[in-house]
Amino acid sequence: MKSAVRIFPSPAGLAAKLAEEIVRRISISATKERRYSIALSGGSTPELLYSLLADDHAGQVPWEFVYLFWGDERCVPVNQADSNYGMIRRILLDKIRIPAANVFRIRGEDNPVMEAARYSCEISGILPSRDGMPVFDLVLLGLGEDGHTASIFPGHLRLLTSDVICGMAEHPVTRQKRITISGGVINNAEAVVFLAAGKSKAPVVRDIFRKNPGFENYPASHILPAYGSLDWFLDSEAGSLI
Ligand code: 6PG
């Protein structure tokens, strides 16, 4: 596994570089007439990234070669404020010319058990597979202060090791139902990128990087791509303790 840590002076610097890198990788794929599949992260950190992809790079990207998926979704209607699809539609999808057929959202409004099964089938029907699991070209991940990533929360490490493609989860505090891709899918990707910004993420970043006692309780610490690359894009605050 190739891995790298990039620390940027600001969240804007982080987002700018990551946007450039994503556009570069999509373009390489497009020149080979290959589609490029991305599992998008929810949460607030990637909003700046999505804005830059929509505002600064939209014209450069051959969106017809891009397939967008969601790494996780909150089980809420799309017009609810905390819908990851709703956020990405507002910031990115409404501003780019990507074919609707290339956008594969998790239907947060549907029955979670049924939707996890449906989305698992959809992913495996579209993406190539390796070792029996689908292969994303890129998985973007955020990092919670409790070490969760996607919607794999501490105490639910089964979602890291089970052979499901998507599973159901529940936020430990709000009890909000979630649907998430599994650790097995994430670790099967060609590339995984964590993006974390802000002082509140510094302790968990430190604990993971230094393997401090209990770090293995953090789901994010188990994201170790078997074949692909792992990159951490941090701002100076999130990276201030490593
Ligand atoms: C979600 C994300 C989740 C998020 C982290 C960090 O749906 O909320 O998948 O894993 O990335 O909670 O969230 P922030 O970027 O808002 O700090």
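Mentor: Contact means heavy atoms within 4.5 Å. The model is predicted, so local features need pLDDT of at least 70 and side-chain atom pairs pLDDT 80 or more, while totals for chains, interfaces and linings use all residues. Residues are numbered from 1 along each chain as its sequence is written, and side-chain values use heavy atoms, without hydrogens and water.

Trainee: Why is Ser 3 called exposed?

Mentor: Relative accessible area under 20% is buried, over 50% exposed, and in between partly exposed (1.4 Å probe, protein chains only). Ser 3 has 52%, so Ser 3 counts as exposed. Ser 3 belongs to strand S1, residues 3-8; strands (E, at least two residues) and helices (H or I, at least four) are DSSP runs numbered from the N terminus. The C-alpha atoms of Ser 3 and Ser 229 are 5.5 Å apart, although 226 residues separate the two in sequence.

Trainee: What makes Ile 242 partly exposed?

Mentor: Ile 242 has a relative accessible area of 39%, and therefore is partly exposed. Ile 242 lies in the segment after strand S12 (229-235).

Trainee: Which residues of helix H7 are buried, and what covers them?

Mentor: In H7 (residues 202-210), Ala 202, Val 204, Val 205, Asp 207 and Ile 208 are buried. Their cover includes S12. Just after H7, Lys 211 has a positive phi of about 55°.

Trainee: What makes a set of residues a nonpolar core?

Mentor: Its members are buried Ala, Val, Leu, Ile, Met, Phe, Trp, Tyr and Cys residues joined through side-chain atoms within 4.5 Å. The largest core has 77 residues, of which Ile 38, Leu 49, Tyr 50, Phe 136 and Leu 140 touch the most other members. Helix H1 (residues 11-31) gives the most to this core, seven residues.
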